[in-house]
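Here is a short tour for anyone meeting this structure for the first time. Take a look at the sequence and the model, then read on.

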Amino acid sequence: MFQKYGKALAAVAGAALTIAYGALSGDQRIEPDEAVQIAIAAATAVGVYLVPLVPEYRWAKTAVAAVLAVLQVLATVILGGLDSNEWIALLLAALTVLGVGITPAVSDNGVANIQPRTVDGETT
């Protein structure tokens, strides 16, 4: 299961950590800026799951996570400024992108995120 859905699972884990951090940090309430962070993290998880891997763009799922992480940074800076709580939320967004980037995935079309290797003229 991890070999097929690794990228989506990494994004879901990042969203879960963002939700937990937003709910449990500070005053233990989800403020509007934290709600935006949670919404972006959830959109990251859904986007990474829905975007298929295609041979030309094996990095598409990682690109979705990266674009939404940049949106996370912009929303955080614009909505509430940066304090220690926001830095941790941004770190979670960055870790989500890294997790999506390094984990394996295979789309329903059979394309995997790793390039096939050729050894002695045979593809492995």
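## Pockets, cavities and where the model comes from

The search runs on a 1 Å grid over the protein atoms alone: a cavity is a set of points where a 1.4 Å probe fits but cannot get out, while a pocket is an open set with protein on both sides within 12 Å along at least five of seven lines, and lining residues have an atom within 4 Å of a point. Grid points are joined across faces, edges and corners, and a volume is the space filled by probe spheres set on the points. Rolling a probe the size of a water molecule over the atoms shows where empty space is left.

Keep in mind that this is a predicted model: local features need pLDDT of at least 70, side-chain atom pairs count only at pLDDT 80 or more, and totals for chains, interfaces and linings use all residues. Residues are numbered from 1 along each chain as its sequence is written, and side-chain values use heavy atoms, with hydrogens and water left out.

## The largest pocket

The largest pocket holds about 190 Å³ of space. It has 13 lining residues, and Y5, Y49, K61, V106 and S107 are the closest to its centre. Helix 1 gives the largest share of the lining, four residues, and helix 1 and helix 2 each supply at least two. (Helices are DSSP runs of H or I, at least four residues long, and strands are runs of E, at least two, numbered from the N terminus.)

What classes of residue make up this lining? Eight are nonpolar, one is polar and four are charged. Here Ala, Val, Leu, Ile, Met, Phe, Trp, Tyr, Cys and Pro count as nonpolar, Asp, Glu, Lys and Arg as charged, and the others, Gly among them, as polar.

## The largest cavity

The count comes to one cavity of 30 Å³ or more, with about 70 Å³ of space in the largest cavity. Helix 1, helix 2, helix 3 and helix 4 (84-102) each give two or more residues to its lining. The lining has 13 residues, with A41, T44, Q72, A93 and T96 nearest the centre. By class, the lining has eight nonpolar and five polar residues, and no charged ones.

## A nonpolar patch outside

On the surface, M1, F2, Y5, L9, V46, Y49 and L50 form a nonpolar patch with about 760 Å² of accessible area together. Patches take residues with over 30% relative accessible area and no salt bridge, joining like charges within 9 Å and nonpolar side chains (Val, Leu, Ile, Met, Phe, Trp, Tyr) within 5 Å. Areas come from the Shrake-Rupley method with a 1.4 Å probe, and for residues only the protein chains shown count as cover.

Helix 1 (2-24) and helix 2 (32-50) each supply at least two of the patch residues. V46 sits in helix 2 and counts as partly exposed because its relative accessibility is 49%; buried means under 20%, exposed over 50%, and partly exposed in between (1.4 Å probe, protein chains only).

## Salt bridges and a loop

The whole structure has two salt bridges, each a side-chain nitrogen of Lys or Arg within 4 Å of a carboxyl oxygen of Asp or Glu. D27 pairs with R29 (3.6 Å, N to O), and R29 also pairs with E31 at 2.9 Å between the closest N and O atoms. Together, D27, R29 and E31 are linked in a network. R29 is exposed at 52%, while E31 is partly exposed at 24%.

Q28 lies in the loop between helix 1 and helix 2. Although not a glycine, Q28 has a positive phi of about 65°.
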